[in-house]
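Q: I have a model open and would like to learn how to read its packing. Could you walk me through it?

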Amino acid sequence: MVRPSITAVYNKAILSLSRIKKSMQESQSLPASMQGFVAEILMLRLFSILEESVRETACRVACGVAYRNGAIAAPIRRCNNLNDALNQFKTYNRRRPLQCLRFTNVSQTNDSVKYVISNREPFLVKLSLHSADFDEMRKVRNHIAHRYKNTYQDYKRIIIHRYGAYIRQTPGVFLISTARSTRSKIEEYYIKIKVIINDITNG
C-alpha cells in the first residue's frame, strides 16, 4: 500500500491552482459583468482547494509522515491510514464523537484535530499565522454560496474593513475590483491560498 504523502497533497493543489490561474487570465477578455460571475465561481473552487488541502494535510500529519522539508510529523496519536485519521479525529478522547469534521477556518480545524495533533505541530502553527486571511476568504465564499442574511452581514463587515465604509458591491464586483489595490481581490486570494498551502505542507 502506498504511504500517504504530504508532498502529493501539495502537488495536487498546485496543479489545481494552475488551472484556476489560467481561467482567471482567460476571463479578463470577457465583459465586466461576466468577469464578476466567473470570479465568483473561481472563488468557490479556490476555497475548496484550500479546504481540501488543509483536511488532507491534517490526515497525513496524523499518520506521522514527512513534511516537504523532510521533518517528520509527530502526532499525539499516530494513525494507521487516512481513514483511521478521520475516525480518530471524530472519536479519540472525545466524550461524544463529532458528527462532522470542519476545516473551513483555523478554529474549526483546531477543534477537529485537537486530540490527535498538538497545537505545536508545524502544520497547525503555520496555519494559525494565516487565520485572518483564511477567515475572510471563508466569509466571502459563504456569501457567494448561500446569500443568507447572516452571510451578508459577514461579507458587509469585510467591505467596511477593506474600504473604510460600506459600499454596495456584489461578491463578483468585489472580487474583480482593483480599488485601493494594484491587483484584484480574486488574484490576491489566489496568491494567499497558494502561500497557505505551501506553508502548511512544508513543515
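Q: Which residues touch the most other members of the largest nonpolar core?

A: A nonpolar core is a set of buried Ala, Val, Leu, Ile, Met, Phe, Trp, Tyr and Cys residues joined through side-chain atoms within 4.5 Å; buried means under 20% relative accessible area with a 1.4 Å probe, protein chains only. Here the core has 52 residues, and L50, F89, I117, F123, F174 and L175 touch the most other members. Helix α2 gives the largest share, 13 residues. This is a predicted model, in which local features need pLDDT of at least 70, side-chain atom pairs count only at pLDDT 80 or more, and totals for chains, interfaces and linings use all residues. Side-chain values use heavy atoms, without hydrogens and water, and residues are numbered from 1 along each chain as its sequence is written.

Q: What does L50 touch?

A: Contact means heavy atoms within 4.5 Å. Not counting residues up to four places away in sequence, L50 touches F134, M137, I193, I196 and I197.

Q: At what angle do α1 and α9 pack?

A: Axes are lines fitted to C-alpha atoms, for helices over the stretch in contact, and angles run from 0 to 180 degrees between N-to-C directions. Helices α1 (residues 6–27) and α9 (residues 185–202) pack at about 170°, with axes 10 Å apart. That makes α1 roughly antiparallel to α9 (the cut-off is over 145 degrees). Among the residues that meet are Y10 and L17 in α1, and Y190 and I197 in α9.

Q: Is D84 buried or exposed?

A: D84, in helix α3 (residues 82–91), counts as buried because its relative accessibility is 17%.

Note on methods:
Helix = DSSP H or I, 4+ residues; strand = E, 2+ residues; numbered from the N terminus. Buried < 20%, exposed > 50% of the residue type's maximum accessible area, 1.4 Å probe, protein only. Parallel < 35°, antiparallel > 145°, perpendicular 65-115°, else oblique.
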